[in-house]
Amino acid sequence: MTEHDAVARLRAAGCVFAEDEARLIAEAAGTDPAAGERLLARRIAGEPLEHVLGWAGFAGLRIAVAPGVFVPRRRTELVARLAADLAPPGGLVVDLCCGTGAIAAAVAHARPDVRIVAADIDPAAVALAARTLAPFGASSLVSDLDAALGGLTGTVDVVASCPPYVPTAQIPLMPREARDHEPARALDGGADGAALQRGVLAASSRLLRPGGVAVVETSEALVALTASAAGDAGLAAEVARDEERGATAVVARR
């Protein structure tokens, strides 16, 4: 099968970036045509490209992904960049709802001087994050928000988080790749989409030292709710945006 054939089949399946996907699949298959056909068939069947490849591009890194764990989105690079910029020298950064550990890895790559702890309620995500973060010396653990992080109360410089923020009723309207291949728990933000954001910001108010900051991903539709949740947690909020990536985050200071 030629790359031209692969592009045609991917395009027919509705893949917008068929040329790029064909190239990446060929790279993953190497010199094994049968492997290439298997990978191509998985993608055409609707499996996320990142699952097919085994990694997602994020902040210049290749982050390992696996079925059952939320795939990091490029828009979340805004959270990672802000966290890296805001952390003081030798500071402590906590990645809450870490998933694959993409935010933590990007911060560790950009700021090797800081200490990083990543936490998630899902043991499968934490295991994946542990492998990703091992080269950086960062740690990961299973925790329902800050429940297992009591020893860090009042000592954290930056909390960075991309919690689930899709309103429950909107999940069936999401692209098939997300709704069929990612765990609902990693998508569902509750009735108004902001339930987990409220939890992250409440946890941040406990974890942060005076002057510390929480960076929480949100959407334009939810940004007012997210900012209000920051205020309810005793944090002073401002909004940061990255128009190129279509990204929005609330930066909340203690």
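**Cysteines**

I looked for disulfides, taking one as a pair of cysteine sulfur atoms within 2.5 Å, and by this rule the count comes to zero. The sulfur of Cys97 has its closest cysteine sulfur in Cys98, 8.3 Å away, which is too far for a bond. Cys162 is in no disulfide either; the nearest cysteine sulfur to it belongs to Cys97, at 8.4 Å. I noted Cys162 as buried, with a relative accessible area of 15% (buried is under 20% relative accessible area, exposed over 50%, partly exposed in between, with a 1.4 Å probe and protein chains only).

**Basis of the entries**

The model is predicted, so I keep to its limits: local features need pLDDT of at least 70, side-chain atom pairs count only at pLDDT 80 or more, and totals for chains, interfaces and linings use all residues. Residues are numbered from 1 along each chain as its sequence is written, and side-chain values use heavy atoms, with hydrogens and water left out.

**Helix 10**

I went through helix 10, residues 223-232 (helices are DSSP runs of H or I with at least four residues, strands runs of E with at least two, numbered from the N terminus). Its buried residues are Val223, Thr226, Ala229 and Ala230. Seen down the helix axis, they fall within an arc of 120°, so they line one face of helix 10 (the arc is that of the directions from the helix axis to the C-beta atoms). On the face turned away from the buried side I found the exposed residues Ala224 and Asp232. The cover over the buried residues includes helix 9 (195-207), strand 7 (208-218), strand 8 (236-242) and strand 9 (247-253). Just after helix 10, Gly234 has a positive phi of about 80°.

I placed Leu61 in strand 2, residues 61-64. Leu61 is buried, at 16% relative accessible area. Neighbours within four places in sequence aside, Leu61 is in contact with Ala56, Ala105, Ala106, His109 and Phe136 (contact means heavy atoms within 4.5 Å). I also checked Leu61 against Ala134: they are 73 residues apart in sequence and 14 Å apart in space, C-alpha to C-alpha.

Thr132 lies in helix 7, residues 123-133, and is buried at 12% relative accessible area. With the same exclusion of neighbours within four places, I listed Ile63, Ala64, Thr100 and Ala105 as contacts of Thr132.

**Charge over a ring**

I found Arg62 over the face of Trp55, at 3.9 Å from the ring centre (the rule asks for NZ of Lys or CZ of Arg within 6 Å of the ring centre and within 35 degrees of the ring normal).
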